[in-house]
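Look at the structure shown here and keep the sequence beside it.

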Amino acid sequence: MPSKFSRRNAIRLLGLSAGATALPATLFGKNENSQTILLPENKGHQKIDKPITAIVCGAGSRGNVYGNYSIAFPDRLDIVGVAEPIAIRNERYAAKHTIPSENRFNTWEDVFKRPKFADAIIITTPDNLHYGPCMKALALGYDVLLEKPISPSEKECRDILGLAKKTGKIVAVCHVLRYAPYFVKLRELMQSGAIGEIISIQHLEPIEHVHMSHSYVRGNWHNSKQTTPIILAKSCHDLDILRWLVGRPCKSIHAFGDLNWFTKKMLPKEVQNDVSMVAM
Ligand SMILES: NC(=O)c1ccc[n+]([C@@H]2O[C@H](COP(=O)([O-])OP(=O)(O)OC[C@H]3O[C@@H](n4cnc5c(N)ncnc54)[C@H](O)[C@@H]3O)[C@@H](O)[C@H]2O)c1
């Protein structure tokens, strides 16, 4: 193993990935709620003269995650517009980021009725509403931060790739694992040859019970026929990280699985008709 990879660094990185707190204070900052957050340590980061301005489409959970970055790092990102149909979310988001009323929209379509008024569009709408805003944003010359999965349809993914290439604009897909210090280091080691030839690799995404029941039973992805199935909604991260770590294209993918626990036949007698407790 190269000497650069000291035991201290290894522990630091492992600690970071585990969310440990016994680490040097210089690695951390505070967000707007005075919560401690990990400061990104990416060598690819460039100094910028002024913050990147962005419009957020979809002020839900993820829209707030990226919006919060602008509060922690106002010199890097400034949220100047929002599109969100749920009034209370729109209101709160606008107040949090001091967005003027003319830059608040009910739906993503409205954003693109205006000439371009920011550097980038952040797309954090539900899975089936990624393609529309992404294609419009590229056509108007915006760079895009696009939530995963790019789209549930291969054709739409290819359209986005085609238009990104044609316009030369950025479409950064939020495969966030690629930016986690643990995976960054792992890839560096693998690609430097530090652990020799890669013969086999295993990666596990253990979706714990709260996440499973919240997202895939009661939540946005409770019905795989109406929304993206779990292999795409969740495991697109896993497919992406394996490909990214190995650095070579894959030849084929096999997926299999079944529903066992959150099924109608497993419902307790007293809630036999409560289909909200069943995944489909
Ligand atoms: N990168 C990750 O690790 C990660 C994690 C969770 C979710 N996601 C992805 O992020 C996206 C958003 O997920 P979320 O958990 O924030 O969902 P969410 O439901 O909390 O937020 C989506 C928001 O989009 C709004 N919206 C609906 N229609 C709209 C329209 N026409 N115009 C503008 N806004 C509209 C909704 O009202 C909602 O507030 C999904 O595609 C999801 O798969 C990514």
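**From one serine to the whole chain**

The side chain of S213 reaches the backbone oxygen of H209 at 2.8 Å, a polar contact, meaning a pair of N or O atoms within 3.5 Å; within protein, one must be able to donate a hydrogen and the other to accept it, and residues adjacent in sequence count only if both atoms are side-chain atoms. The S213 side chain also reaches the backbone oxygen of V210, at 3.3 Å. This is a predicted model, in which local features need pLDDT of at least 70 and side-chain atom pairs count only at pLDDT 80 or more, while totals for chains, interfaces and linings use all residues. Residues are numbered from 1 along each chain as its sequence is written, and side-chain values use heavy atoms, with hydrogens and water left out.

S213 sits in helix 8 (residues 209-217). Helices (H or I, at least four residues) and strands (E, at least two) are DSSP runs, numbered from the N terminus. Is S213 buried or exposed? S213 counts as buried because its relative accessibility is 16%; buried means under 20% relative accessible area, exposed over 50%, and partly exposed in between (1.4 Å probe, protein chains only). Leaving aside residues up to four places away in sequence, S213 touches R218, G219 and F262, where contact means heavy atoms within 4.5 Å.

Now take the chain as a whole. It has 10 helices and 8 strands, and buried residues make up 34% of its 280 residues. Of the contacts in the chain with a separation of 6 or more, 60% are between residues 24 or more positions apart.

Next comes the sheet. Strands of a sheet pair through backbone hydrogen bonds, either parallel or antiparallel. Here an open sheet of 6 strands has the order 5-4-3-6-7-8, with parallel pairing; two strands pair if DSSP finds at least two bridges between them. Strand 5 (104-105) and strand 8 (171-173) are the edge strands, each pairing on one side only.

Strand 6 (residues 120-123) is joined to strand 7 (residues 143-146) by 4 bridges. Strand 6 also pairs with strand 3 (residues 52-57) over 4 bridges, again in the parallel sense. I122 is the bridge partner of V56, and I122 also has L145 in strand 7 as its bridge partner. I121 stands opposite V144 in strand 7. In a regular strand the side chains alternate between the two faces of the sheet. In strand 6, A120 and I122 lie on one side and I121 and I123 on the other, and all are buried.

Helix 10 (residues 236-246) has several buried residues, among them C236, W244 and L245. The buried residues of this helix pack against helix 7 (181-192) and helix 9 (230-233). Just after helix 10, G247 takes a positive phi of about 80°.

Which residues come nearest to the ligand? Of the 26 residues around the ligand, they are R62, E84, R89, D127 and H130; a residue is near a molecule if one of its heavy atoms lies within 4 Å of it. A polar side-chain atom of E84 lies 2.6 Å from an oxygen atom of the ligand, and one of D127 lies 2.5 Å from a ligand oxygen atom. For E147, a polar side-chain atom is 2.9 Å from a nitrogen atom of the ligand.
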